[in-house]
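Grab a pencil and work through the exercises below. Try each task on your own before you read its solution.

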Amino acid sequence: MTPGELRGLCLSFNAAVEDFPFSPEISVFKVLGKMFALASLDGRPLTVNLKCDPDDAIRLRADHPGLIVPGWHMNKRHWNTVTVDGGLPDRLVRELVEDSYDLVVAGLPRADRLRLDRP
C-alpha cells in the first residue's frame, strides 16, 4: 500500500478528515474530532498508528511480529503501530484501518453516531 492509497483509504470513511495538529509531516485522520489513524506519510517504512481492541492487539502483535507492534507514543493497550509497506496483505491493512474507525465511532455519543448513519 502506498502513502496515497493509505490516505485515500482513511478519507473514504464517513465524515473522516485529515488534520495536522502535531506537525505538517504527521497526518492525523479523525472522525468528528476523534483520532482513528496517525501516520507520517513520508516515513520509511510507512507506518500507521491504529486503534485496536486490546485482546486483538495482543493477538495481532503475536501473529505479525515486527510488522504490528505496540503503538508508538500511544496507549499501548489500545493502539498498534502497523507497518503498511512491509509485507502485510493490503486486505489486512484495510481491515485494521476500518476496525480502528469503527472502534472510534462506537465510542462517540449516540447522537453523533446517528448523524453518521444518515446519507
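A strand here is a DSSP run of type E with at least two residues, and strands are numbered from the N terminus. Keep in mind that you're looking at a predicted model.

**Exercise 1. The largest pocket**

Task: Find out which strands each supply at least two residues of the lining of the largest pocket, and how the lining residues divide into nonpolar, polar and charged.

Solution: 
- Step 1. Start with the space itself: the largest pocket holds about 230 Å³.
- Step 2. List the lining: Phe-22, Ile-26, Leu-38, Ala-39, Ser-40, Thr-47, Asn-49, Trp-72, His-73, Met-74 and Thr-81.
- Step 3. Now check the strands. Strand 3 covers 34-39 and strand 4 covers 47-51, and each gives the lining at least two residues.
- Step 4. Sort by type, and you get six nonpolar residues, five polar ones and no charged ones.

**Exercise 2. Getting to know Asn-80**

Task: Work out whether Asn-80 is buried or exposed, and which side chain it joins through a polar contact.

Solution: 
- Step 1. Locate the residue: Asn-80 sits in strand 6, which runs over residues 79-83.
- Step 2. Compare its accessibility with the cut-off. Buried means under 20%, so Asn-80, with a relative accessibility of 2%, counts as buried.
- Step 3. Look for its partner: the side chains of Asn-80 and Arg-61 are joined by a polar contact of 2.6 Å.
- Step 4. Check who else is around. Skipping neighbours within four places in sequence, Asn-80 touches a set of residues that includes Val-48, Leu-50, Cys-52, Ile-68 and Pro-70.

**Exercise 3. The end of a helix**

Task: Decide whether Asp-117 is buried or exposed.

Solution: 
- Step 1. Find the residue in helix 4, which spans residues 110-117.
- Step 2. Exposed means over 50%, so Asp-117, at 63% relative accessibility, counts as exposed.
- Step 3. For a sense of distance, Asp-117 and Leu-103 are 14 residues apart in sequence and 15 Å apart in space, C-alpha to C-alpha.

Key:
Residues numbered from 1 in each chain as written. Predicted model: local features only at pLDDT ≥ 70, side-chain atom pairs only at ≥ 80, totals over all residues. Heavy atoms only, no water. Helix = DSSP H or I, 4+ residues; strand = E, 2+ residues; numbered from the N terminus. Buried < 20%, exposed > 50% of the residue type's maximum accessible area, 1.4 Å probe, protein only. Polar contact = N/O pair within 3.5 Å; in protein donor to acceptor, adjacent residues only side chain to side chain. Contact = heavy atoms within 4.5 Å. 1 Å grid on protein atoms, 1.4 Å probe; cavity = no way out; pocket = protein on both sides within 12 Å on 5 of 7 lines; lining within 4 Å. Points joined across faces, edges and corners; volume = space filled by probe spheres on them. Nonpolar A, V, L, I, M, F, W, Y, C, P; charged D, E, K, R; others polar.
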